[in-house]
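Me: I would like to learn how to read the features of a protein model. Could you take me through them in turn?

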Amino acid sequence: MVHCAFQGKVGEVVLPGDMFSMEEETMILSLTTESSSRSGGEKVVCGPGLRRDGGRVLVCKSGLLRHKAPNVYWVESQQRRYVPAKGECVIGIVTAKSGDVFKVDVGGSEQASLSYLSFEGATKRNRPNVQVGDLVYCQLLIANKDMEPELVCMDSSGRSNGMGVFGAGGLMFKVSLGLVRRLLSPQKDIVKDLEQLFPFELVVGLNGRLWVKTSSVQRTLVIANLLDSCENMTAQQRRALFRKVAEGAL
């Protein structure tokens, strides 16, 4: 049974081509496709790095197999290439103005478009002040391999909800998509440990971009370097490093 096979591999390294068989009564529900439920079947949600092929589940990305209760499985990898997905909040860089649309680099294979009407309170007379080179925190409204990605800077109720132009006085840098998911996890262990050093502002984009701001340039660089170092550290190694920084040893 796929569920049991997955449980036995959680936390272990899986490679592209690894295969899990599936009994008839087990249903695999992909995040990207809709499937009708079967009576008596147990639903298993396949996240990034896993896909269904008939009666089998194939691994298509190398990394660690992760599990979230009750039945969600995905592969956590050190991937840096971002593939836009609808609904994800990202940090983009405005690269050009083209009529009523801004072109924004979100780290994907092509640039995304952002209409000036996609900001809270924006009208034809009251246009947002967006310049080439600005950072924008926005959400992907359309993300399809056959269409240009489209961004918005407001939620379904028309509120900005923290989205829009930002970035004055801070530092943006790139990390792996796996580290981004760890920073956004409910536990937020890394962020909580960093908060013990000194106050800082942090914006996390699901496209692998982080923005940090503190009271000084030196502290901003320290936070950025610590976040980058956390990628391949265990919790014990991370806390030991943070302790040295707090004591002024580094």
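Predicted model: local features only at pLDDT ≥ 70, side-chain atom pairs only at ≥ 80, totals over all residues.

Me: Let us start with the rings. How many aromatic pairs does a search of the whole structure find?

Reply: Such a search finds one aromatic pair. Its members are Phe-166 and Trp-211, with 5.3 Å from centre to centre and 85 degrees between the planes.

Me: How does the angle between the planes decide the name of the arrangement?

Reply: Planes over 60 degrees apart count as edge-to-face. At 85 degrees, the pair of Phe-166 and Trp-211 is therefore edge-to-face.

Me: Which parts of the chain does the pair tie together?

Reply: Phe-166 belongs to strand β14 (residues 164-166) and Trp-211 to strand β17 (residues 209-213), so the pair links parts 45 residues apart in sequence.

Me: Is Trp-211 buried or exposed?

Reply: The cut-off for buried is under 20% relative accessible area. Trp-211 has 4% relative accessibility, so this residue counts as buried.

Me: Which strands are joined to β17 by bridges?

Reply: Strand β15 (residues 171-174) is joined to β17 by four bridges, and the two run antiparallel. In this pairing, Leu-171 stands opposite Val-212. Strand β16 (residues 201-204) also runs antiparallel to β17, with four bridges between them. Here Val-203 has Trp-211 as its bridge partner.

Me: What lies between β16 and β17 in their hairpin?

Reply: Four residues lie between the strands, and in this hairpin Gly-208 takes a positive phi near 90 degrees.

Me: Now another strand. Which strands does β12 pair with?

Reply: Strand β12 (residues 135-142) pairs with strand β9 (residues 89-98) in the antiparallel sense over five bridges. There, Ile-93 stands opposite Leu-135. Three bridges join β12 to β14, again antiparallel, and Val-136 has Val-165 in β14 as its bridge partner. Strand β13 (residues 150-153) is also antiparallel to β12, with three bridges; Ile-142 is opposite Glu-150 in that case.

Me: Which charged residue lies over the face of Tyr-116?

Reply: That residue is Arg-127, at 4.0 Å from the ring centre.

Me: Last, the pockets. What is the volume of the largest pocket, and how many residues line it?

Reply: The largest pocket has a volume of about 1600 Å³ and a lining of 36 residues. Gly-47, Pro-48, Trp-74, Glu-88 and Arg-181 lie nearest its centre. The elements that give two or more residues to this lining are β5 (50-53), β7 (63-68), β8 (72-76), α2 (177-183) and α3 (189-195). The largest share, four residues, comes from α2. By class, the lining has 17 nonpolar, eight polar and eleven charged residues.

Me: And what classes of residue line the second largest pocket?

Reply: Its lining has six nonpolar, three polar and three charged residues; among them are Arg-81, Tyr-82, Glu-110 and Lys-145. The second largest pocket holds about 270 Å³ of space.

Technical notes
Residues numbered from 1 in each chain as written. Heavy atoms only, no water. Phe/Tyr/Trp six-rings, centres within 6.5 Å; stacked < 30°, edge-to-face > 60°. Buried < 20%, exposed > 50% of the residue type's maximum accessible area, 1.4 Å probe, protein only. Lys NZ or Arg CZ within 6 Å of the ring centre and 35° of its normal. 1 Å grid on protein atoms, 1.4 Å probe; cavity = no way out; pocket = protein on both sides within 12 Å on 5 of 7 lines; lining within 4 Å. Points joined across faces, edges and corners; volume = space filled by probe spheres on them. Nonpolar A, V, L, I, M, F, W, Y, C, P; charged D, E, K, R; others polar. Pairing = 2+ DSSP bridges.
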